[in-house]
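Try each task before you read its solution.

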Amino acid sequence: MSIDETSGKRTQRSERFDPSGRDDVEQFRDLCYELLRYSARGLLRKDFLPRVSETIRRHSGCHATEIWVKEGSDKHFRCSVTEAKKMPFGFILVPCPLGEETTPPPDDPNEFDTEKLCCHVIKGSIDRLHPYVTVRGSFWANDLVDAKGSDGPAGQTSQTPILRLGGPYKSVVLLPIRLEEECIGLLQLKSKKDAFFSARDIDFYEDISAVLGVALSHQYAQVELRERIKEITCLYGIARVVAQPEASFDEIIQGIVRLLPPAWLYPEITCARIVLNGQSYATENFRESPYRQVSDIVVENKRVGFVEVVYLENKLTLDEGPFLAEERSLIDSVAREVAIYYERAKAEEEKTSLQEQLRHADRLATIGQLAAGVAHELNEPLGNILGFAQLAKKSPELPAQVEKDLENIESASLNAREIIKKLMTFARQLPPKKEPVNLNDIVNDGIYFFEARCMKAGIKLVRRLAADLPEITVDPGQINQVLVNLVVNAIQAMPQGGTLTVETSATKAEICFSVEDTGTGMTEELKDRIFLPFFTTKDVDEGTGLGLAVVHGIVTSHGGKILVETKAGKGTRFRVHLPFFNPEKPDESKA
Ligand code: ADP
Ligand code: MG
């Protein structure tokens with residue numbers, strides 16, 4: 001017998017008669033079986049505890065049971081079950097009223113407070129020699145009176161304990177639930193009847209409470225296992241989605257989003273979205289909700305977006321938030337996977353774009369060679385035409401008409417020679433004559449000639465020239481040509497007026513200048529072809545299609561590069577980068 005029998009206070013205890021006629025061992029076996037069966041089902045704690053409480057309540061025949069489970073160091077989950085029909089059970093997370101307090105409960109039973117008492121039982125800070133405490137650390141009182149009865153009939157001895165139970169329970173047992181030496185919770189049995197629990201009952205339920213410890217840890221392991229499986233399934237699914245060779249970036253991110261809700265505890269009310277670079281990928285049912293979990297997607301120390309999982313309605317608190325700890329780590333893993341994929345996709349895209357640029361440069365170089373060859377071949381006969389025309393013009397007494405025709409031949413040949421010169425610049429046949437210059441000067445001189453034209457066309461001219469721009473060794477005539485060609489194009493792109501911005505800037509390695517307009521802009525197809533010689537969208541007298549070809553030739557011969565950003569209907573920006581040190585012709589640029 002595990003009860004301190006020396007106390008004379010529990011005289012009303014009685015042995016209850018079990019109508020089923022089964023002995024304790026049989027009953028114990030049946031109840032254990034039932035508890036363990038629940039625990040093997042992998043129910044969530046909020047479903048598991050009420051079932052177990054109710055099973056024990058029915059078995060004991062008492063009015064109410066309550067199970068407390070420790071959560072962290074200072075909180076308890078409480079699940080109470082009563083006989084009442086309505087609201088058969090409640091389930092809440094409550095901070096331990098003791099806090100850090102460790103002083104044992106008062107000896108005077110009149111000062112007992114159930115809440116605190118329960119916490120003392122769980123903490124083991126209750127005196128085992130206390131008359132109401134068993135050697136296994138349970139609290140057992142069979143003869144309580146209602147708190148209201150404290151000023152009851154005279155003659156009531158001060159020994160009658162008064163518990164603030166918030167209900168008229170006369171018999172109460174508080175049993176610690178232990179798992180291997182550690183106390184993980186408490187089982188409460190309460191009856192309105194006097195002397196309801198016998199010593200045998202206490203012994204019996206102390207054993208049951210030990211089994212309950214095992215059942216609880218089993219239940220927890222089951223849930224944990226199931227969540228782990230969901231997590232692994234989700235991550236495996238992501239690995240498979242990402243490995244699809246044919247899928248586009250958007251399809252893959254959308255595929256990942258779809259895998260998220262099933263991995264969460266309540267898939268039916270879960271929705272998810274991934275936001276990457278401002279682009280949102282969401283499940284169909286996505287709505288904003290306060291019950292959300294977010295993890296940042298970080299690439300190279302920069303936040304490029306986030307993964308968000310949302311419950312559409314509030315769910316009972318399961319851990320510290322509405323989400324499980326495993327779910328918090330899962331969403332972080334998903335964000336990491338997305339970051340890795342994003343990085344890879346970006347690298348792939350850069351590679352493709354680089355290859356495209358190389359192909360483009362290669363094509364331009366081939367055309368350049370061809371153009372240079374043709375230009376060279378034409379230069380000689382053209383020189384002859386010009387020479388003979390000029391010679392013929394000198395003959396005396398030419399009829400006026402013939403003289404006019406000869407002049408036309410002369411000016412047409414000069415025009416053709418201009419074109420050939422441009423072609424040769426494009427083909428880099430004319431070597432640049434380099435000298436150190438300040439690019440701001442070139443810009444100021446070049447722009448000067450356009451001021452009047454811009455004013456007439458309703459174009460606002462904006463200069464953003466970097467102060468302290470270092471000098472750079474370039475061919476000033478050629479760079480001026482680049483600027484003029486870009487500015488002419490920009491003005492032509494703004495027939496209705498707009499803003500023309502010329503900007504200069506410098507880094508350690510290069511000087512950069514840009515010409516930006518708010519004009520027509522270009523489509524992708526158009527943009528791909530603008531550097532080809534003779535490509536033009538303009539009327540015959542407006543453009544030859546050689547402007548940008550020449551620009552390209554000059555910039556390339558300076559070891560630089562030219563970038564185009566454009567949007568149809570919005571405008572265009574050409575950026576020219578000129579390195580201080582030309583890797584192609586190292587000796588020249590050092591001059
Ligand atoms: P051209 O100006 O003689 O047509 P370019 O080589 O200078 O030849 O330009 C080629 C084509 O590129 C132009 O016909 C035009 O379609 C397009 N383009 C060039 N610059 C711009 C710009 N700033 N805005 C819109 N389109 C442009
Ligand atoms: Mg042009």
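**Exercise 1: a hairpin**

Take the hairpin of S9 and S10, find how many residues sit between the strands, and look at the phi of Glu 300.

*Solution.* Start with the turn: two residues lie between the strands, and Glu 300 takes a positive phi near 45°. Next, the strands themselves: S9 covers residues 291-299 and S10 covers residues 302-311, and they pair in the antiparallel sense over nine bridges. Strands here are DSSP runs of E, at least two residues, while helices are runs of H or I, at least four, all numbered from the N terminus. Pairing takes at least two DSSP bridges between two strands. Finally, pick one bridge: Val 299 has Lys 302 in S10 as its partner.

Some ground rules before going on: this is a predicted model, where local features need pLDDT of at least 70 and side-chain atom pairs count only at pLDDT 80 or more, while totals for chains, interfaces and linings use all residues. Residues are numbered from 1 along each chain as its sequence is written, chains are lettered from A and ligands numbered from 1 in the order in which they are written, and side-chain values use heavy atoms, leaving out hydrogens and water.

**Exercise 2: the strands around S14**

Work out in which sense S14 pairs with S15, and how S12 and S14 run.

*Solution.* First, S14 (residues 498-506) runs parallel to S12 (residues 459-464), with six bridges joining them. Val 462 is bridged to Thr 501 in S14. Then turn to S15 (residues 510-517): seven bridges link S14 to S15 in the antiparallel sense. Here Val 502 finds its partner in Val 515 of S15. Lastly, S14 and S15 make a hairpin, with three residues between them.

**Exercise 3: the ligand shell**

Which side chains put an N or O atom at 2.8 Å or 2.7 Å from an oxygen atom of ligand 1?

*Solution.* Polar contacts with the ligand are pairs of N or O atoms within 3.5 Å. The 2.8 Å distance belongs to the side chain of Asn 489, and the 2.7 Å one to that of Lys 538. A polar backbone atom of Leu 548 also lies 2.8 Å from a ligand 1 oxygen. To finish, helix H10 (476-492), helix H12 (547-557) and strand S17 (571-579) each supply at least two shell residues.

Conventions. A polar contact is a pair of N or O atoms within 3.5 Å; within protein, one must be able to donate a hydrogen and the other to accept it, and residues adjacent in sequence count only if both atoms are side-chain atoms.
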